[in-house]
Every structure is written in structure tokens, then in C-alpha cells.
Amino acid sequence: RALLGRGAPGDAARAERLLVGLLLAVRAVPPPAPADESDLPRYLFRREGDYWALAAGGAPARVRGVRGFDYLAELLRHPHQQVYVLDLAGLGGGATATLSSAEALAHGLRIAGGATAEASLDHRARAAYRARWQELSAEVAEAAHDNDPGRAARARAELEMLAEALRGATRRTRSAAEPQERARVNVRNCITAALRTIRRHDECLWRHLVNTIKTGTFCVYAPDRPLQWEL
């Protein structure tokens with residue numbers, strides 16, 4: 001953070017190396033223990049071909065799918081885990097999808113001078129960033145489950161530090177931010193349209209989702225109580 005704030009020649013590259021090295025060295029945080037699902041409210045959000053079955057405890061409604069449903073389903077699969085908007089927008093690209101040079105800059109990472117315009121981000125570095133986000137998000141969820149506000153606050157502080165580092169690097173050039181900004185707007189609009197569709201069919205489900213889904217550079221589904229989802 002200090003290097004990015006100072007902005008002297010070479011500081012950004014050094015900060016990048018330090019951050020990637022740190023992320024590669026951090027040990028994985030064990031996932032939180034699963035809650036007893038026997039008494040949890042049962043919600044439904046399941047694809048059935050071109051349609052989706054939706055319900056918040058009542059009779060299911062079958063609704064023709066829209067793009068935002070895919071984004072919502074991905075967030076529901078990973079509660080309390082912040083998902084980078086470019087990863088969310090890239091659903092369907094497959095596990096081997098890579099970032100272009102512009103998208104790499106949006107991550108705050110550099111492409112070597114001899115790389116082509118469509119050179120991809122180093123898979124190891126990208127996996128490290130993503131893994132650490134997932135680990136910290138899991139730690140926040142586990143701390144909330146254990147009623148440990150101090151641990152949750154420390155994990156959130158590190159999440160904010162990583163987000164600030166990425167935002168600071170992104171702000172250095174306007175062109176670097178374009179892929180991320182386009183993805184942020186498109187994902188937000190698709191999710192908003194999906195929620196409008198859900199409201200017409202299930203007011204209870206809409207109310208729950210509109211209060212727990214947050215969009216932005218990082219999107220998250222953050223319920224205030226455990227639920228059992230059929231996805």
C-alpha cells in the first residue's frame with residue numbers, strides 16, 4: 001500500500017512482486033464447518049433447460065431464463081465469497097479462459113514488454129489472487145459463524161487492502177479500467193433485470209435477494225442467516 005501510494009518509478013512493479021509473493025505464501029484457510037441443514041429454510045433457484053425453477057419456501061415458479069440468473073446462481077453457490085466482476089462476467093468461458101493484456105492491467109498486473117496485445121495473465125499469479133480472495137471470504141464467513149468480530153474485521157481489512165491495491169493500479173490508466181468497468185456495468189444491469197423478473201413471480205425471493213446481493217468491482221451474496229439452497 002505504501003509503495004502504491006508513493007508512486008515513484010519502479011514502486012508499482014515492486015508492489016506487484018511483493019503482493020504476488022505474499023499471496024503464494026499464505027496458507028489456505030479451512031472452510032467453515034457446514035451448518036445443520038435439517039431445520040434451515042429451503043430456497044430454490046435451479047436451471048431447467050431454458051427455464052428456471054424459483055421459490056422461497058412456497059410453490060415453485062418456472063421462469064424463462066435471463067443472463068442475470070447465471071450470475072445470481074454463481075453468487076448463491078458461494079455465499080460471503082467476493083467474486084471479481086471479470087470472473088463473473090466470464091461465466092461460460094471455461095476453466096482455461098485467460099485475461100487479455102488490457103484485462104491484466106485492470107487487475108493491476110503488468111505484461112512484459114515483448115508480449116503481444118492479447119498476451120494472457122500469468123496463471124499462477126491470477127490463481128493466487130483468486131485463491132486469497134476466496135480464503136479471506138471464507139474466513140469472514142467462519143468468523144461470523146463463530147461470532148468472532150475481531151477475526152472478521154482483520155479478514156475484511158485485508159480484503160480491503162487487496163481491493164485498494166487493485167483499484168490503485170487500475171486508476172493509473174483510463175484504458176486499463178475499460179474492461180473492468182464494462183463488466184461491472186453489464187453485470188449490474190443483468191442482475192438488476194433478473195431481480196425485476198424474479199419480483200414478478202416471487203416477492204419473498206426477490207426481497208431476500210435484493211437485500212443480500214451486492215454488485216460492484218467485487219460481487220457478493222451475503223445472507224444474514226443460514227439457508228438451504230437447491231441450485
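**A tour of the sheet and its salt bridges**

Start by selecting residues 42-48 and 51-55: these are strand 1 and strand 2, paired in the antiparallel sense over five bridges. Strands here are DSSP runs (E, at least two residues), helices are runs of H or I with at least four residues, and both are numbered from the N terminus; two strands pair if DSSP finds at least two bridges between them. You are looking at a predicted model, where local features need pLDDT of at least 70, side-chain atom pairs count only at pLDDT 80 or more, and totals for chains, interfaces and linings use all residues. Residues are numbered from 1 along each chain as its sequence is written, and side-chain values use heavy atoms, leaving out hydrogens and water.

Now widen the selection to the open sheet of four strands, ordered 3-2-1-7 with mixed pairing. Strand 3 (61-64) and strand 7 (228-230) are at the edges with a single partner strand each, so one side of each has no neighbour in the sheet.

Next, turn to the salt bridges (a side-chain nitrogen of Lys or Arg within 4 Å of a carboxyl oxygen of Asp or Glu). Select Arg46 and Glu48, whose closest N and O atoms are 2.7 Å apart in a salt bridge. Is Arg46 buried or partly exposed? Arg46 is partly exposed, at 25% relative accessible area; buried means under 20%, exposed over 50%, and partly exposed in between (1.4 Å probe, protein chains only).

Finally, go to Arg151, which forms a salt bridge with Glu142 at 3.0 Å between the closest N and O atoms. Both Arg151 and Glu142 are buried.
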